[in-house]
Every structure is written in structure tokens, then in C-alpha cells.
Amino acid sequence: MREYTNEPPLTETTLAAYFSERLHDYAQRFDPPPHTDTCWYLSNMLERFGRSEHLFLYEEGRYDLRPLALLYSDAQEAASDRERCLMLQQLGDMALFLGSLFPQRFRRRGIRQDYVVGMGGGAYDYLAGNARHNRHVFAELATMFPRMLEMVANACSVEHELSTEEVMGLYQRWLDTGDPVLAGQLQALGINLSGSSSLQ
């Protein structure tokens, strides 16, 4: 693997600011480009899901992701419209995040992209008419969901290969913590973790 030594320093102060800049740059490829508020919403979503406790549920001694269909079912059974909106926002965000960064997760289960687009776009469409705030953002996410998948995937893509030391450091942190986000990053690099032991 290549090692980069002359890279410019990271100037953003938060993960959200880093993603916002990348999303804004990529958004200029569209005509018209997505609204600035939509890019900010996506950058905050990416920062939130960068912390495993916001993405994974811890049940029965292990981390897991709640299936989109069960999130939809939860929203249908919500006791209030506010609760339904919160659940549908989680559904839309999860569909967008997972569909952008882990499409192979759905392919392995025989789930096509149009299912992810339908679930996420449908959730955002409901929010566009019923949410208390950011209706214009949800409307744009609903109508441009396939392009949003592309934008998020591009914003999170690695522009250079990690050095051997960086990969080993990532692997050691995963061994020490058992963090499923780190596991996902290692698997995205093509590293099979099935024979490794981690703290669970």
C-alpha cells in the first residue's frame, strides 16, 4: 500500500464540517444542486452514525442493525404523529446511510436497491408533509433519493489507500474494542474477520 506524507493538514474542526465540505463539492455536479440545508442535514447524519451507539442496537449480548421493515412497522404502530415522524426519520436515515455505504449488505440478502430507495424515499416523503421542521430538506431527500445515495457514497469514499501501519492500527483498535463500525471499515478494505477474536 502507498503511504502519503505530503498531505495537507485537516482543517475542519468536526466530522460534520468535513462531510459538509465534501458533500457541497460533489453537489455541484447536479443541475440544480441540492439545497445547502440538505447537505448540512446529510453531514450531520454522517457524523451521528459515525458513533456506533447511534447506528447499532445492543441486544442479547451483541450489536445488531434493526431491519428497515421492522423500523417501518414500528412507525406504523407509533402512538403519536411526533413519534411516527421520529421513527420514519430514523428509517430514512438508515436506508440512506446503509444503502450508500454498505449496499452489499442488502445484495447478500437478495434485496434490490429499489427496495432501499422505496423505504428511504417513502419515509422522507411522509416527513416532507408532516415533520415539524426541515420539510424542504425531507422533500428534496425524497425526490432525489438515488442521487443522495450517490452523494453520500462519494463523500465517504477513501481517496487514498491506507498505509500498512494505518490498517494495523485500525485492526488493533477493533481487537481492543470490538466496535462494529471498525469491523465494517476493515471488511470494506477486504479483511475477513470471521477467524479473529474480539471483545464482545
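# A guided look at a predicted helical chain

Visitor: How many helices and strands are there in the protein chain?
Guide: This is a predicted model, in which local features need pLDDT of at least 70 and side-chain atom pairs count only at pLDDT 80 or more, while totals for chains, interfaces and linings use all residues. Residues are numbered from 1 along each chain as its sequence is written, and side-chain values use heavy atoms, with hydrogens and water left out. Helices (H or I, at least four residues) and strands (E, at least two) are DSSP runs, numbered from the N terminus, and along the sequence they follow the pattern α-α-α-β-β-α-α-α-α-α-α-α-α. The protein chain has 11 helices and two strands.

Visitor: What share of the residues of the protein chain count as buried?
Guide: Buried means under 20% relative accessible area, exposed means over 50%, and partly exposed lies in between, with a 1.4 Å probe and protein chains only. Of the 200 residues in the protein chain, the share that counts as buried is 37%.

Visitor: Is Ser-43 buried or exposed?
Guide: Ser-43 has its place in helix α2, which covers residues 36-49. Leaving aside neighbours within four places in sequence, Ser-43 is in contact (heavy atoms within 4.5 Å) with Ala-16, Phe-19, Ser-20 and Leu-23. Because its relative accessibility is 0%, Ser-43 counts as buried.

Visitor: How many aromatic pairs does the structure hold, and how far apart are the ring centres of Tyr-18 and Phe-19?
Guide: Rings of Phe, Tyr and Trp (its six-membered ring) pair if their centres lie within 6.5 Å, and planes under 30 degrees apart count as stacked, over 60 as edge-to-face and the rest as tilted. The structure holds seven aromatic pairs. In the one formed by Tyr-18 and Phe-19, the planes stand at 65°, an edge-to-face arrangement, and the distance from centre to centre is 5.3 Å.

Visitor: Why is the pair of Tyr-41 and Phe-138 edge-to-face?
Guide: The ring centres of Tyr-41 and Phe-138 are 5.5 Å apart, and the pair is edge-to-face because the planes stand at 80°. This pair links distant parts of the chain, since Tyr-41 belongs to helix α2 and Phe-138 to helix α8 (residues 135-143), 97 residues apart. Tyr-41 counts as buried at 11% relative accessibility, and Phe-138 counts as buried at 3%.

Visitor: What covers the buried residues of α8?
Guide: The buried residues of α8 are Val-137, Phe-138, Glu-140, Leu-141 and Ala-142. What covers them includes α2, α5, α7 and α9.
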